[in-house]
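The sequence and the structure come first.

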Amino acid sequence: MKYGFFNDIDKEYIINNPKTPYPWINYLGNENFFSIISNTAGGYSFYKDASKRRITRYRYNNVPADDGGKYFYINDEGVVWSPGWKPVKNKLDEYACHHGLGYSKIKGKLNGLKAEVLFFVPLDFDGEVQKLTLKNESTENKKIKLHSFVEWAFWNALDDMTNFQRNLSIGEVEVEDSVVYHKTEYRERRNHYAFYSANQPINGFDTDRESFLGAYNGFDHPEQVAKGTSGNTIAHGWSPIASHFFEMELNPGEEYEVIFILGYAENKQEEKFLSQDVINKANAKRMIKEFSNGEQVDQALTELKQYWTNLLSHFQVKSEDDKLNRMVNIWNQYQSMITYFFSRSASYFESGIGRGMGFRDSNQDIIGMCHMVPDLARQRIIDLASTQLKDGSAFHQYQPLTKKGNHELGGNFNDDPLWLILSVSAYLKETGDWSILDVEAPFDNNGNESSIFEHIKLSFYHVVNNLGPHGLPLIGRADWNDCLNLNCFSEEPGESFQTTENKKGKVAESVMIAGMFVIYGEEFARICDFTNNPDEAIKARSHIEKMKAAIDKYAWDGDWFMRAYDFFGNKVGSKENEEGQIFIESQGFCVMAGLGHEDGRAQQAMNSVAERLSTPYGIVLLNPPFTKYQLNLGEITSYPPGYKENAGIFCHNNPWIIISEAMLGNNEKAFDYYKRIAPAYLEDISDLHKTEPYVYAQMIAGKDAAIPGEAKNSWLTGTAAWNLYAITQYILGIRPDYEGLRIDPKIPDELTSLKIVRKFRGAIYNISIENNGGKKMTCYLDGQKNGSLLPYKGMGKIHDVKIIFE
Ligand code: BGC
Ligand code: NOJ
């Protein structure tokens with residue numbers, strides 16, 4: 001069953017049934033001010049950091065689901081309803097939610113009254129703009145009452161949800177004209193406040209939640225709305241809100257428009273107050289003026305759409321497959337930008353308080369967005385490198401507000417450093433900007449600087465310096481698979497597997513890191529080649545050769561690559577094991593590393609994946625699932641079979657197999673795997689899939705789960721970047737390389753003719769691919785026969801590329 005449809009022209013997903021199986025959300029904002037908004041206008045806003053600067057309140061995992069958001073209540077002569085269906089949940093005559101790129105539009109209609117609310121955060125603006133339009137489409141005059149509603153959060157999201165003994169006494173607001181100002185803690189150490197403005201005169205307001213809702217009422221039945229009044233309350237403590245109240249009369253055909261701004265503003269210490277305890281509101285007023293009429297709003301929306309169109313224009317494909325087109329051209333790129341902004345911090349599955357910017361996550365996110373905004377990628381790489389430690393290891397996370405490594409979450413995940421080589425090499429290939437290697441970045445942000453080149457060299461040698469008994473990399477706390485905790489041995493209920501490491505860990509080794517080392521180690525060596533460091537390159541390659549030999553000798557299990565050696569030196573991911581005999585990660589990374597391509601082992605590993613791990617809904621992480629908790633393996637065995645790392649379909653790692661299949665020339669298989677998890681292909685089974693059909697989820701329940709195919713944790717996942725990378729660079733095969741664009745499509749038979757526009761380093765490549773089914777490729781660059789590398793010839797050039805397979 002579907003709950004909406006794609007509108008590819010406007011780049012929107014339009015939801016026409018509000019009761020989606022889970023709230024289907026969108027993100028607003030692209031620099032400082034962000035909002036998350038669901039299809040029924042649930043959600044919240046924050047400034048820069050969802051944990052430390054929360055602007056509106058949200059209760060996760062609430063009952064009823066997704067309660068709390070940016071609500072409007074319409075009282076049409078006694079009939080109360082909301083344009084987004086929730087919170088009132090009156091049956092509407094019409095409902096639609098258009099989730100677009102950086103904006104959402106929610107429309108409702110009841111008894112001839114039409115309401116439309118546009119929500120977006122304009123470019124370079126620290127606030128959410130809401131344009132609400134009411135239109136009387138009936139033949140009668142209507143007397144309408146309208147209430148807006150947001151609930152303030154006290155900045156620190158965790159404290160806001162827990163420290164009630166203090167918080168219920170500190171709330172403060174001011175009301176002036178049509179603006180409610182939220183100033184809790186402003187009187188003391190904060191220099192920032194929030195506001196909620198309207199550009200029309202109001203007939204009243206409320207700022208005290210209980211007076212507005214009425215004691216024991218929910219958001220669905222506010223007392224003031226039912227009465228058609230406002231309390232004109234000023235909150236003192238308890239829970240401040242902001243609600244505007246309007247009364248109007250609309251003739252048939254008449255429209256009424258209000259523009260609301262939910263904004264954030266800061267003042268310098270000496271300019272904080274106008275008079276005793278009264279906020280200096282100049283900054284808010286300046287912002288309010290920027291959107292005082294509908295034209296200003298429409299103009300800003302046009303600019304925002306233009307911004308996104310421009311970003312997406314760096315890679316556009318036209319093929320016979322609409323689902324492929326909309327994934328690549330719109331939604332997968334959009335999701336990659338969103339994961340770049342948020343890492344894994346704030347979604348409807350991430351509370352915004354738990355996690356900062358992950359070192360490995362953020363480095364991997366670069367491969368999904370550096371073609372769109374290379375400058376942001378560059379800065380992110382420098383920020384990440386600046387948290388690295390002198391021995392090459394890395395903090396697992398940093399906080400976006402301070403950019404400092406998060407000491408509480410520690411480090412010692414031995415895959416982390418290598419991902420920095422991935423991001424740096426991806427950036428270099430995309431931009432050709434070798435100067436990044438000379439940028440000086442500190443260690444642990446403490447001033448001791450080293451070049452980015454030195455940072456990636458340290459990443460490389462961090463592996464070399466931490467090898468285990470078989471010459472394979474020590475896993476440390478865990479590798480990419482956070483739940484493979486081979487040195488943890490946790491017996492304490494509730495103890496975090498992520499921060500606990502109970503054993504010294506000089507034995508447990510990771511075959512996945514070994515594969516990664518071969519791949520990213522070779523990238524390091526190539527960077528040495530290009531920067532005229534032949535000695536470094538030779539040295540690096542000798543380490544890589546040793547690693548390959550160690551994998552060949554100690555990590556091939558007969559039909560697939562093993563996963564690890566545990567604390568005792570026993571095999572993990574081997575036929576010898578009772579459960580968890582085969583894992584996906586080492587198959588992907590060893591085959592992507594080129595291992596076993598000549599002697600058939602790579603193909604054999606892929607056959608084993610197809611046999612043991614592949615399901616109609618995607619490829620599971622391991623098989624057979626763990627049925628018992630095992631001390632020596634950690635969190636992975638804590639999940640019930642079929643979920644998350646314990647044999648769930650972990651969508652982040654499916655592209656490793658897609659790429660491997662493509663590298664082996666198994667074009668059909670690669671595309672088949674791609675389609676199994678790409679959300680646009682799952683739209684018809686939304687009932688089962690549950691999460692948004694326009695973005696990837698981190699996990700789909702595996703074949704051993706109660707309901708295989710059910711997805712969770714949509715939006716913020718490395719799945720976005722990796723699938724975009726797999727489809728654009730390996731299946732469509734347009735791959736940036738240090739010297740130019742590498743052309744290596746691995747197209748399935750069902751796609752016979754494709755057109756791709758790739759903007760690359762300021763040049764435009766108009767590429768056409770004619771697929772006559774064969775594997776022999778002929779490539780023409782500007783009419784001349786060319787090999788598979790299109791050498792970069794400079795900015796501003798427009799190239800014509802023709803590729804024929806026969
Ligand atoms: C999850 C992982 C996640 C880790 C870190 C674990 O509980 O299963 O997917 O990476 O937590 O937060
Ligand atoms: C999610 C985490 O964000 C990521 O860092 C990790 O690699 C995967 N889970 C797998 O455990």
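Two strands are taken to pair if DSSP finds at least two bridges between them. The model is predicted, and what follows describes that model.

**The sheet of 10 strands**

With that criterion, an open sheet of 10 strands is found in the order S1-S2-S9-S10-S11-S12-S19-S16-S15-S14, and its pairing is antiparallel. Its edges are strand S1 (4-7) and strand S14 (173-176), each of which pairs on one side only. From one strand to the next, the twist averages 15°.

Strand S10 (residues 103-110) is joined to strand S11 (residues 113-120) by eight bridges, and the two run antiparallel. In this pair, Lys107 stands opposite Glu116 in S11. S11 is also joined to S12, again antiparallel, by eight bridges, and here Phe119 stands opposite Gln130 in S12. The hairpin of S11 and S12 has six residues between the strands, and Asp124 takes a positive phi near 55° in this hairpin. On to S19, nine bridges join S12 in an antiparallel arrangement; the bridge partner of Gly127 in S19 is Gly263. S12 is mostly covered, with nine of its 10 residues buried.

Helix H5 (residues 282-290) lies across strand S12 (127-136), S14, strand S15 (179-182), strand S16 (192-198) and strand S19 (255-266), and runs at about 145° to S19. Helix H6 (residues 294-312) lies across S10, S11, S12 and S19, at about 55° to S11.

Strand S9 (residues 94-99) of the sheet holds Tyr95. Is Tyr95 buried or exposed? Tyr95 counts as buried because its relative accessibility is 11% and the cut-off for buried is under 20%. Leaving out residues up to four places away in sequence, Tyr95 touches Ile15, Asn16, Asn17, Pro18, Asn39, Pro83, Gly84, Trp85, Lys107 and Gly108. Lys107, one of these contacts, is the residue that stands opposite Glu116 in S11. Tyr95 and Phe341 are 246 residues apart in sequence, and their C-alpha atoms are 30 Å apart in space.

**The hairpin of S4 and S5**

Strand S4 (residues 33-38) and S5 run antiparallel and are joined by five bridges. Ser35 stands opposite Ser45 in S5. Four residues lie between the strands of this hairpin, where Ala41 takes a positive phi near 70°.

How many of the five residues of strand S5 (residues 43-47) are buried? Five of the five are, so S5 is largely enclosed by the rest of the structure. In a regular strand, side chains alternate between the two faces of the sheet.

Another open sheet has six strands, in the order S22-S39-S40-S44-S41-S42, with mixed pairing. Strand S22 (315-318) and strand S42 (784-786) stand at its edges; each has a single partner strand, so one side of each is left without a neighbour in the sheet. The twist in this sheet averages 20° from one strand to the next. Strand S40 (residues 763-771) and strand S44 (residues 798-805) run parallel and are joined by eight bridges. Ile767 has Val801 as its bridge partner in S44.

| Pair | Bridges | Direction |
|---|---|---|
| S10 and S11 | eight bridges | antiparallel |
| S11 and S12 | eight bridges | antiparallel |
| S12 and S19 | nine bridges | antiparallel |
| S4 and S5 | five bridges | antiparallel |
| S40 and S44 | eight bridges | parallel |

**A buried serine and a surface tryptophan**

Ser425 is found in helix H10 (residues 416-431). Ser425 is buried, as its relative accessible area is 3%. Apart from neighbours within four places in sequence, Ser425 is in contact with Glu523, Ile527 and Tyr738.

Trp238 is placed in the loop between helix H4 (223-227) and strand S18 (240-250). With a relative accessible area of 52%, Trp238 is exposed, because the class begins over 50%. Together with Phe164 and Leu168, Trp238 forms a nonpolar patch on the surface, and the accessible area of the three together is about 310 Å².

Definitions and conventions: Residues are numbered from 1 along each chain as its sequence is written. Chains are lettered from A and ligands numbered from 1 in the order in which they are written. This is a predicted model: local features need pLDDT of at least 70, side-chain atom pairs count only at pLDDT 80 or more; totals for chains, interfaces and linings use all residues. Side-chain values use heavy atoms; hydrogens and water are left out. Patches are made of residues with over 30% relative accessible area and no salt bridge: like charges are joined within 9 Å, nonpolar side chains (Val, Leu, Ile, Met, Phe, Trp, Tyr) within 5 Å. Accessible areas come from the Shrake-Rupley method with a 1.4 Å probe; for residues, only the protein chains shown count as cover. A salt bridge is a side-chain nitrogen of Lys or Arg within 4 Å of a carboxyl oxygen of Asp or Glu. Buried means under 20% relative accessible area, exposed over 50%, partly exposed in between (1.4 Å probe, protein chains only). Axes are lines fitted to C-alpha atoms, for helices over the stretch in contact, and angles run from 0 to 180 degrees between N-to-C directions. Contact means heavy atoms within 4.5 Å.
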